[in-house]
Amino acid sequence: MNRAAYIMIGGFLGAGKSTTVGRLARFVTDRGKSVGLITNDQGSGLVDTRSLRHQGFAVEEIAGGCFCCRFDSLKDAAAKLDSASRPDVFLAEPVGSCTDLVATVSYPLRRLYGDRYSIAPLSVVLDPVRAGRVLELRPGRKFSNKVTYVYRKQLEEAQILVINKRDLLSDDEAQDLRQALETQYPGRRIFEVSARENEGLEPWFEALLAEEAPDEATMDIDYQLYGEGEALLGWLNATLRLESQRELDGNAWLHDLAARFQERLMALGAEVAHLKMTLAPSGAMKDLALVNLVNLDFVPEVGERLQAPLRRGQLVVNLRAEAAPEVLRQCLQEAVEATAEGAAPSSSGQGGVQLTLEHVESFRPGQPTPVHRDATPPHRATSREGLS
Ligand SMILES: Nc1nc2c(ncn2[C@@H]2O[C@H](COP(=O)(O)OP(=O)(O)OP(=O)(O)O)[C@@H](O)[C@H]2O)c(=O)[nH]1
Ligand SMILES: [Mg+2]
């Protein structure tokens with residue numbers, strides 16, 4: 001039996017994992033292979049799931065905990081995708097604050113299900129602006145030391161390092177970053193890509209489809225420090241119902257909301273890892289606006305745009321920042337109120353926008369307690385066929 005490929009694209013929050021997963025999914029399907037996507041989060045109500053489904057892919061989501069701590073859900077998600085469409089390739093996006101994935105996911109998967117899945121090398125995608133600050137190549141806002149510990153552990157365990165958002169760098173800056181990575185994390189293959197611009201991806205994708213994860217001892221990690229670092233990040237997932245008394249330009253409205261959110265987060269000095277929001281009209285499966293902010297120094301970026309104005313819709317908010325969860329919730333409330341006022345009745349007497357909270361979760365991730373941890377590589381099953 002041909003084994004399916006299991007490809008995990010890791011990396012810190014906002015690095016561009018979902019963007020690359022979307023690109024790789026298209027790359028695979030363009031070659032006539034089927035693909036199944038698995039998204040993951042500590043909470044539920046995921047922007048990533050909505051945005052990848054919007055691109056037309058089969059997506060299963062594992063909510064309420066990371067892959068390593070919910071290993072059985074990972075297996076169940078793969079089985080669900082299998083029974084629906086028998087994917088040749090599974091693409092999994094772990095939570096961006098997770099690390100130690102080789103020991104807790106790749107190796108256990110190979111040990112337990114190596115006859116069914118061939119596990120590709122773990123890629124760790126990085127945002128070059130964030131990486132430049134962590135590696136002290138550039139000045140700028142930073143996370144605290146314990147969060148940086150998690151970030152650096154992600155780089156350390158990478159079997160492939162991917163400098164994403166190459167379009168943001170000059171040649172000299174790219175060279176400096178590559179050199180710092182080669183010096184501090186020697187022996188990793190490094191690719192430079194721009195996932196959003198669809199540039200430089202092919203050699204990396206080819207490697208993922210052709211190769212299996214190397215046999216290496218896994219890194220040492222201090223789980224207490226890892227847990228403390230992860231818990232410094234606040235998480236906010238919220239779903240709101242939007243009702244407008246007049247036709248609303250959802251793209252402009254969403255951008256406005258993101259900008260007001262940013263103002264408030266900035267005032268509180270909360271270092272943002274990723275703010276992402278979708279707005280979709282009620283009843284329309286195909287229309288969606290997506291806005292992202294991965295750095296408080298940037299402007300919010302509208303990725304997908306709504307095709308038509310709307311009156312009723314659903315707003316989904318996912319925010320991860322170094323701040324208390326209740327602060328993030330407060331920021332959302334203030335941003336929503338300010339945006340509703342901004343869109344309030346015009347002189348023509350038309351109505352404003354009302355938002356009703358349908359679901360909200362705000363928390364700090366709990367201590368990671370993986371179901372399995374294989375410090376050494378398990379026995380390898382027979383080689384994969386016919387994928388590349
Ligand atoms: N400039 C630039 N931006 C990019 C590129 N790839 C992704 N982005 C942007 O980076 C932001 C985050 O991208 P995502 O793919 O959502 O990042 P992620 O790693 O999945 O984020 P989390 O799931 O929150 O951890 C979005 O605004 C993307 O459009 C790129 O190649 N260049
Ligand atoms: Mg993502």
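Me: In which pocket does ligand 1 sit?
Reply: The model is predicted; local features need pLDDT of at least 70, side-chain atom pairs count only at pLDDT 80 or more, and totals for chains, interfaces and linings use all residues. Residues are numbered from 1 along each chain, chains are lettered from A and ligands numbered from 1 in the order written, and side-chain values use heavy atoms, without hydrogens and water. A pocket is an open set of 1 Å grid points where a 1.4 Å probe fits, with protein on both sides within 12 Å along at least five of seven lines; sitting in it takes more than half of the molecule's atoms within 2 Å of its grid points. Ligand 1 sits in the largest pocket.

Me: Which element gives the largest share of the shell around ligand 1?
Reply: Elements are DSSP runs: helices (H or I) of at least four residues, strands (E) of at least two. Those giving two or more residues to the shell are α1 (17-30) and β10 (271-281). The largest share, 3 residues, comes from α1.

Me: How many residues of the shell are nonpolar, polar and charged?
Reply: The shell around ligand 1 has 22 residues (a heavy atom within 4 Å). Asp, Glu, Lys and Arg count as charged, and Gly is among the polar ones. The division is 6 nonpolar, 8 polar and 8 charged.

Methods:
1 Å grid on protein atoms, 1.4 Å probe; cavity = no way out; pocket = protein on both sides within 12 Å on 5 of 7 lines; lining within 4 Å.
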